[in-house]
Amino acid sequence: MVITDIDTYILRLPLGSERFFSSQCAFPERNSLLVRIKTDEGITGWGEGGQYGPPEPVESCIKHVLSDIIRGRDPMSPAVLWEEMYSKVRDFGQKGSYIEAISAIDIALWDIFGKAVNLPVSKLLGGSFRDSIPAYATGCYYRGEDHLDYQISLDALKKEAKSYADSGFKMLKIKIGLLEIEQDMERVAAIRESVGQDVKLFVDCNHAYNSFTAVKAINTLEKFGVTFVEEPVLPEDLDGYRHVRSKVNIAVAGGECEYTRYGFKALITTGCIDIVQPDICVCGGISEWLKILSLAQAFGIFSIPHVWGSGVALAAALQVISTIPDSPHTANSVAMQNEPVVEYDKTHNPLRDDLLKEKFILDNGRVIVPDGTGLGIDIDMDVLNKYSSG
Ligand code: MG
């Protein structure tokens with residue numbers, strides 16, 4: 001079998017009144033870049049990348065550079081093609097768009113591999129430890145018409161948080177970092193009051209703080225029973241990560257903006273974090289994620305991949321997370337204590353909810369891992385064409 005075609009699709013969906021803010025920016029739209037790889041045997045695979053920022057640069061990397069490397073090659077050698085692609089772009093693309101492009105291609109190759117041998121990707125990776133994964137809802141963003149009107153009323157915030165708990169989620173990740181620390185703590189307090197003590201609460205700063213203000217914010221969070229705090233400082237500020245981690249009693253998480261085993265090396269091995277969060281569609285795909293996971297395991301770092309994008313990204317995450325052993329092993333699996341979890345973004349996103357013919361099933365706070373071949377998904381081409389600009 002050889003690769004014949006590499007097609008890209010830029011997906012774009014204006015959010016209108018559903019727009020929201022993190023500490024860094026407004027999200028007026030959802031977008032992503034899907035890649036479809038075709039073979040001479042009629043098997044096709046899907047991958048995703050470029051969902052953090054504008055997808056056009058990622059598409060350009062695929063169209064103008066990487067496609068020529070893999071066309072005509074064996075799709076069932078994803079690790080070999082990964083090394084060849086990375087070796088060709090290393091001098092100018094160790095992070096960012098090139099690695100997102102490689103991620104999208106790599107995921108599609110694993111999808112083809114699974115379809116070719118009639119097995120889900122999880123089997124190719126060594127098998128699943130679980131057929132459903134505890135899911136945490138991501139929500140409670142800042143909302144408003146513009147940057148001067150960002151403060152959702154606390155009542156609306158409570159209502160949103162409670163809706164996640166009522167729909168079965170036992171874990172919730174919320175945003176801080178846009179407001180003064182005292183104002184953000186009012187939001188956290190309102191959410192904790194709304195969901196009660198039985199829902200695990202995670203807090204994402206999106207690198208809003210320096211090492212001093214991060215310590216102040218995190219130490220204030222302690223009284224709200226927060227399990228982990230995500231990206232307290234800039235992703236490049238490893239000294240800041242180590243300082244923060246030495247001064248707080250809440251687990252520190254990070255890694256969604258890091259790339260490849262080489263990028264994760266210092267983050268994992270020098271005491272920066274308790275929890276590593278590589279994004280499959282960003283860090284280098286499934287092939288590279290395997291290497292990052294091994295590094296994390298060897299250094300005793302808990303691994304819970306970051307998930308942000310369409311249904312393809314979520315499906316890829318479900319496949320790989322199902323293969324992570326409980327860390328550490330005990331005779332009992334407890335979510336976030338030793339059992340890995342999956343991020344389930346709950347913001348308005350038809351690219352996640354409508355793009356696949358099969359819907360994700362949430363059962364008692366756990367997402368069922370699709371058991372079809374490859375990623376276990378079928379793309380609804382009508383929905384894809386509806387949101388595709390290319
Ligand atoms: Mg985050």
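The lining of the second largest pocket divides into five nonpolar, two polar and four charged residues. Ala, Val, Leu, Ile, Met, Phe, Trp, Tyr, Cys and Pro count as nonpolar, Asp, Glu, Lys and Arg as charged, and the others, Gly among them, as polar. This is a predicted model: local features need pLDDT of at least 70, side-chain atom pairs count only at pLDDT 80 or more, and totals for chains, interfaces and linings use all residues. Residues are numbered from 1 along each chain as its sequence is written, and side-chain values use heavy atoms, without hydrogens or water.

Lining residues of the second largest pocket include Lys170, Lys200, Glu339 and Arg366. Pro134, Met171 and Val334 are also among them.

| Pocket | Volume | Lining make-up |
|---|---|---|
| Largest | About 420 Å³ | seven nonpolar, six polar, eight charged |

A pocket is an open set of 1 Å grid points where a 1.4 Å probe fits, with protein on both sides within 12 Å along at least five of seven lines; lining residues have an atom within 4 Å of a point. Volume is the space filled by probe spheres set on the points.

The largest pocket has 21 lining residues. Phe27, Tyr52, Asn206, Glu256 and Cys257 lie nearest its centre. Domain 1 (3-119) and domain 2 (123-368) both contribute to this lining, so the largest pocket lies between them. The domain bounds come from an automatic or database assignment.
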